[in-house]
Amino acid sequence: MKLEEIKKSYYKELEGVANDGELNDLRIKYTGKSGLITDALKLIKDIEPSERKAYGESVNKLKVEIEDSLGAKHEEFVNKAIEAEVAGTKRVDLTVPLAMRTGSLHPITIVQKRIIDIFASMGFTVEDGNEVETEYNNFEAVNVPKDHPARDMQDTFWLDNGEVLKTQTSAGQNRIMRKYGAPLKAIFPGRCFRNEELDASHENTFFQLEGMMIDKNISISNLIYFMKNMLSQVFGKEMNVRLRPGFFPFTEPSFELDASCPFCGGKGCKTCKQSGWIELCPCGMIHPNVLRNGGIDPEEYQGFAFGLGFTRFAMMTFEIDDIRVLNSGKLKELTQAEIK
Ligand code: FA5
């Protein structure tokens, strides 16, 4: 085929090419190893020597022209593909507000912050307790010697060095007395650990909030006053409390303090199991031995102590009926922002 004919047929075929695949076929047909241009170059040996140079130049010129036009066509296809992709893509409106969920405080943290604020406003110092405690602070200092049967109720996790994961916030009592001496008013919330059979109301890891007030002429009426005040502020209404006898080696006398049910006002409901009262926290007058262990003279000072079961208190205020939810990842229950 003459060069002029090759050129003509190339441009005719190029017009009909619809995509990159077809363009590649055209490239192979004309400039490929056995393409028409390559064949035309091979013919050079049959050309008159005087015309060979001009012929060679013409074939190469046409080869470059074809290669350039193939490249231009390829670019055209690429641009068209990009335009089609952009046209088919949904526009992103960067000004639309995103419906992102923000984090929220854990129910225990919410209740803890609220109670801390209330006690702080009544002049109580707020302290942190250790999670790992000495056996002495957890037991002996609060009048629970090694062979005391009360230890059985608070089996815990022992470390190799003989220390324990604290079973009760009462483990902080000795440190607080040693730190501040008498008189003192302090609360110390903290995580406690016990080797428990788990059920809806027992966890191996839970929170308590301990409170102590030591001064001259302190009686159980002071305890009742502060607890009534705290509860009335938490629930935003006047709350009643009552005391039942209890036993703890570190308080004498010891009590269980109940609060009038904040949900039914004492009439009886599901939360208070129809009794009108909710068992809230063990408490009592600090045992003279405990004061003495803390370096305080029991002849001169008296005090009360209480140990609010904080996790159960949070369950009650948020109406969570299984304690295991609180250590779980159940966001529905854990992201409630308001106390009911
Ligand atoms: C004590 O731990 C005493 N230290 C409380 C105290 C302090 C008494 C100061 C007197 C003076 P008790 O073992 O009853 O007491 O626990 C107190 C509260 O912690 C319980 O009423 C309960 O609400 C909570 N509690 C105890 N064990 C668990 C548990 N396994 N899971 C969740 N809450 C628990």
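**Close-up views of the ligand site and backbone**

**View 1. The residues around the ligand.** The shell around the ligand is made of eight nonpolar, nine polar and five charged residues. Here Ala, Val, Leu, Ile, Met, Phe, Trp, Tyr, Cys and Pro count as nonpolar, Asp, Glu, Lys and Arg as charged, and the others, Gly among them, as polar. The ligand is surrounded by 22 residues, and the closest are Gln168, Ser170, Arg194, Glu196 and Glu203; a residue is near a molecule if one of its heavy atoms lies within 4 Å of it. This is a predicted model, in which local features need pLDDT of at least 70 and side-chain atom pairs count only at pLDDT 80 or more, while totals for chains, interfaces and linings use all residues. Residues are numbered from 1 along each chain as its sequence is written, and side-chain values use heavy atoms, with hydrogens and water left out.

View 2. A polar contact is a pair of N or O atoms within 3.5 Å. An N or O atom in the side chain of Arg194 is 2.9 Å from an oxygen atom of the ligand. At Glu203, a polar backbone atom lies 2.9 Å from a nitrogen atom of the ligand. Of the 680 Å² of accessible area that the ligand has on its own, the protein covers 91% (Shrake-Rupley method, 1.4 Å probe).

**View 3. Strands at the ligand.** Strand S5 (205-215), strand S8 (277-286) and strand S9 (302-309) are the elements that give two or more residues to the shell around the ligand. S9 gives the largest share, four residues. Strands are DSSP runs (E, at least two residues) and helices are DSSP runs (H or I, at least four), numbered from the N terminus.

**View 4. Two cis peptide bonds.** The bond from Ala182 to Pro183 is cis, with omega near 0 degrees. Pro183 is in the loop between helix H7 (173-180) and strand S4 (184-193). The bond from Glu252 to Pro253 is also cis, with omega near 0 degrees, and Pro253 is in strand S7 (residues 251-260). Most peptide bonds are trans.

**View 5. A positive phi at Asn217.** Asn217 is a residue other than glycine, and its phi is positive, near 60 degrees. Asn217 is in the loop between S5 and helix H8 (220-235).

Notes:
A polar contact is a pair of N or O atoms within 3.5 Å; within protein, one must be able to donate a hydrogen and the other to accept it, and residues adjacent in sequence count only if both atoms are side-chain atoms.
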